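Here is a short report on one protein model.

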Amino acid sequence: MSTFPDRTPRSSARATVLRTVATRERSSHLSAPRVPTVGIDIGGTKVMAGVVDADGTILEKVRAETPDKSKSPKVVEDTITELVLDLSDRHDVHAVGIGAAGWVDADRSRILFAPHLSWRDEPLRESLQARLAVPVLIDNDANAAAWGEWRFGAGKGEDHLVMITLGTGIGGAILEDGKVKRGKYGVAGEFGHMQVVPQGHRCPCGNRGCWEQYSSGNALVREAREMAVAESPVAYNIIERVGGNVAEITGPLITELAREGDAMCVELLGDIGQWLGIGIANLAAALDPSCFVIGGGVSAADELLIDPARDSFRRHLTGRGYRPEARIVRAELGPEAGMVGAADLARLVARRFRRANRRRLERYERYERAAANLRLASRGRAVGS
């Protein structure tokens, strides 16, 4: 429930919440309780959950396939709940952090829109807190990944960091001076939906020509399958690998074949990298960060992807040759960055759980003392009579 008066404009309320959250993140992450928390990364194809300690170490992780997007949001919530309860059987969980592939509102309680899932203005935090009985924190998955890399990975020590996550689509996040920049309405960093090709490929978000249609896991697989369906001579190797079943062509398989030297797969990753570099150059012109961290499942291709991206970035950078160039590095936490970051952000709200437990314990102890005093008084009256 909002604590703002009815007369306060909604946008103003959100801006106030964002300033408060950013200040808390910057000043409190080092003093947050050093307790284990669960981080959850929800993508278009998988839900990954893990118990993470205060040093960013994953103690245990489990995963499940993302339920079909045509099903109700409750199905996804059921999957999350089952994973958390499974981990809770073996670990003392104090809070849950969720990185969701979608737009999260300013107070991080609702999923406004998720292109690859069926969430539309979904009160996810409230629903999950009622089922899990511990504090729940929700953020965009790329924000969570960027936080994880800034705290424990490739972004340590960076004052101006941009994170780009290449998975089913493209996510993004901006960190400045230890603060996640969420924008006035909480939805900053949706770089994947910048239009780069007018009237280009249709995107699940509803528009055409979005960046993620040219530089993402979906784009990589789409191109490979199109070559296979056309029975291109350069696709014979991958066709043979899947036994002619084009539907079995996946991003990890393309990366594996590229590492083995398959010319088509190397070229496809190079194309994805070229588009990645173009987008990064545009972001550098707008944001001028010191470092771009590339994460998500597609980043497993490593230099097969990053080298073409660096080349393309240098060719398209505004003012090239006359300005400092940002570093482009692969995320050190890999596809687990979002899970680790979400768990670490959850530690900021874990103190609520600890305080609530302490209050319950104090109430119980007071009750026990009062009951003991009553029993003593009762015995005293009985002896006196």
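D177 is partly exposed, with a relative accessible area of 45%. Here buried means under 20% relative accessible area, exposed over 50%, and partly exposed in between (1.4 Å probe, protein chains only). D177 sits in the loop between β10 (170-176) and β11 (179-180). Helices (H or I, at least four residues) and strands (E, at least two) are DSSP runs, numbered from the N terminus. The phi of D177 is positive, about 50°, although D177 is not a glycine. Most residues other than glycine have a negative phi.

A133 also has a positive phi, near 65°. Its loop runs between α3 (124-132) and β8 (136-140). A133 is exposed, at 59% relative accessible area.

This is a predicted model: local features need pLDDT of at least 70, side-chain atom pairs count only at pLDDT 80 or more, and totals for chains, interfaces and linings use all residues. Residues are numbered from 1 along each chain as its sequence is written, and side-chain values use heavy atoms, with hydrogens and water left out.

The largest nonpolar core has 42 residues. Such a core is a set of buried Ala, Val, Leu, Ile, Met, Phe, Trp, Tyr and Cys residues joined through side-chain atoms within 4.5 Å. I164, I238, L276 and F292 have the most contacts inside this core. Among the elements giving two or more residues to this core are β9 (160-166), α8 (263-287) and α9 (303-316). α8 gives the most, with 10 residues. A second, separate core of 29 residues includes V52, L161, A173 and A337.

The axes of α7 and α8 come within 7 Å and cross at roughly 115°. Axes are lines fitted to C-alpha atoms, for helices over the stretch in contact, and angles run from 0 to 180 degrees between N-to-C directions. I254, T255, L257 and A258 in α7 meet C265, V266 and L269 in α8, where contact means heavy atoms within 4.5 Å.

The structure holds 21 salt bridges. Each is a side-chain nitrogen of Lys or Arg within 4 Å of a carboxyl oxygen of Asp or Glu. Three of them follow.

| Pair | N to O distance |
|---|---|
| D86 and R90 | 3.0 Å |
| E303 and R310 | 3.0 Å |
| D307 and R310 | 3.2 Å |

D307 and R310 both lie in α9, three residues apart, about one turn of the helix. R310 is partly exposed, at 21% relative accessible area. E60, D86 and R90 are linked in a network of salt bridges.
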